Amino acid sequence: MAWTRFGKKKDMPGGLWIKCESCGAMLFRKEFEQRHRVCATCGYHFTLPARERIALTADPGSFEEMWIPLRAHDVLEFHDRVPYGEKLIATKAKTGEADAMVTGTATIKGIPCALGVMNFQFLGGSMGMVVGEKIALLCEHAAEKKLPVVLFACSGGARMHEGAVSLMQMAKTCGALQRLHQQGMVSISVMTHPTTGGVTASFASVCDLLLAEPGALIGFAGPRVIATTIKKELPKGFQRAEFLLEKGQIDRIVQRAAMRDELGRLLAYATGRDPVAAFKPQPVAAEAETAAPPPPAEVAEKPRRKQKAKKG
Amino acid sequence: MTEPSAKPPVQDGLAFERPLSELQTKIAELRKLNSGSHLELSGEIELLEDRLRRQTAEVYAQLSPWERVNVARHAERPLTSDYMQLMLDDFVELHGDRVFGEDRAIVTGLATMAGTRFLLVGHRKGKTVKDRLACNFGCAHPEGYRKALQKMRLAEKMKLPIVTFINTPGAYPGIGAEERGQAGAIARNILEMFEIEVPIVCLVIGEGGSGGALGIGVGDRVGMLENSYYSVISPEGCAAILWKSGDKAPEAAEALKLTSKDLLRLGLVDKVIEEPLGGAHRDPKGTVERVKVQLLEWLAELAAVPVPELLAQRYRKFRGMGTPVAE
Ligand SMILES: [Zn+2]
């Protein structure tokens, strides 16, 4: 259940070049960051820090962060080699984040929603009391304001340093989602690399819609644990997003570059809006008021597809 | 008290049992002598028995968390099947998840106990080697969790309360389990247990192994037996990750605060059920009796709570676990 270390940092900050974790290609940092940390050679989606994720997903300037002051406390007086309290302070200093979850409200393609994004840089995105509490608060807020919820998962699982308290965040987050769903609100989970353990076995898997980024490692147990248990080599592509899609576990795989559009389209369906209108270029909005009502989605889709076909 | 174990405990974590076992053996020998001869040894036997009681109480009061983990895993500790056998007046087992298969690591069925009817859901570990293999050592696959949920929905329809017995090292980490959505199955159970409109009572009887335990662990009352443990990760797993050595499991067990006392203090369980002197494995019947009394009390209490209030309380309980501070 607990987090382990995935995707060891090969992108040391400050370096001019980055080596792709997947194909080994050397990537020019500036270009790599412009491509939102997707390898230009193989399309590998690197883990994206929460703030970059929000910038990429929410409409510019629309994100309003909530519950900023929430902090974990060392309920167990846990220490392995370093006391947990000190680890929290050091991690905060290093990452500039208070914990592994950033939550708030935003618009995506103009549609208001509640948005929660996990931050892998903070102790492997592990879920402890702050992550659990923020998700519960977000769901409760969304239920009250009648907002759909979008959650980006990126985590090695529960935070061992909070012991069974972290385990119970699985129950807390699922309970909050259950109540949200009961109010008729729609939730969307986007599983990004990596999403494992107690996060996969709780809120990330019980949203109404399950999306994943290409190549993301998604599972209950980590691949190393499984390999040790069964004493066999794991099949190629095991626990990757494409594998999960094949096994019927998720709805869609979405490229990072297309994520905002895709979420906008799904949120439109989820909130009774016209998904076609949501994809008209912004300036058209004023004109649309006087124009005839837009054709039904099916009709509108066809000519677009033809156009694409011609181009291709 | 049952006879001392024939085979000496092999795990280090049970070393504390050795002097107790030796004393038990000595008493048994004296008893044999006493009955087969005219030697008057009853005085001596009584003395030794008294010493054994005191020593057992002393040893068990001072067990380290790692030692308790080993008691929770003790080969003779009563399992779900023992509780069923000793406690129920009727049981109709119901099999299958209706989708993929039958997972013997979780047993489900309709039960009657002292006139109270309920659905029983429990991890099953198995006694014999063959059983243990069939039950996969209590490590369920997704179909086990789906079976549990399907039967819980049935209980809801029949207006029967639900009792779950938790005793698993964890949900199974395997290829098939992942292919069939282990994480999703557990998550689905956790979510839906918040909306099931009958009382749910959960009891950790041995190992409360992380998500695999919580997958049948959301209830209106959650209890733990005194020497059971409930943890986010096994001490061995935690030691391997944080200490980089599985040998540090005793340290990890200490740090994780996984004993019943810890969970109660942290507000994560409602009650700890005390075990007979020297642990449940020394007196399975006595243990089962205590559990039976507690379950009947809880079920009677919860039967009186109106459903909306029941569900609201259930959510509030878990909602309040682990509250951060505001800086
Ligand atoms: Zn690459």
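I began with strand β3 (residues 116-123) of chain B, which is joined to β4(B) by four bridges, and the two strands run parallel. I note that the model is a predicted one.

I then looked for a residue pair. B:Leu119 stands opposite B:Ile162 in β4(B).

Next I checked strand β5 (residues 200-209) of chain B. It pairs with β4(B) in the parallel sense, over six bridges. Here I found B:Thr168 opposite B:Gly208 in β5(B).

I asked myself whether the faces of β4(B) are covered or open. Both are covered. On one side I listed B:Ile162, B:Thr164, B:Ile166 and B:Thr168, and on the other B:Val163, B:Phe165 and B:Asn167; all are buried. Strand β4 (residues 162-168) of chain B thus has seven of its seven residues buried, so it is largely enclosed by the rest of the structure.

I moved on to a helix contact between chains. Helix α5 (residues 163-182) of chain A packs against helix α14 (residues 307-319) of chain B at an angle of about 140°, and their axes are 8 Å apart. Angles over 145 degrees count as roughly antiparallel and 65 to 115 as roughly perpendicular, therefore α5(A) and α14(B) are oblique to each other. I recorded their crossing as left-handed.

Which residues make the contact? From α5(A) I noted A:Met168, A:Ala171, A:Lys172, A:Gly175 and A:Arg179, and from α14(B) I noted B:Tyr315, B:Phe318 and B:Arg319. Sorted by class, this contact of α5(A) with α14(B) has four nonpolar, one polar and three charged residues.

Note on methods. Residues numbered from 1 in each chain as written. Chains lettered and ligands numbered in written order. Predicted model: local features only at pLDDT ≥ 70, side-chain atom pairs only at ≥ 80, totals over all residues. Axes fitted to C-alpha atoms, helices over the stretch in contact; angles between N-to-C directions. Parallel < 35°, antiparallel > 145°, perpendicular 65-115°, else oblique. Left-handed = near helix turned anticlockwise from the far one by under 90°. Contact = placed C-beta atoms within 7 Å. Nonpolar A, V, L, I, M, F, W, Y, C, P; charged D, E, K, R; others polar. Buried ≥ 20, exposed ≤ 12 C-beta atoms within 10 Å, placed from the backbone. Pairing = 2+ DSSP bridges.
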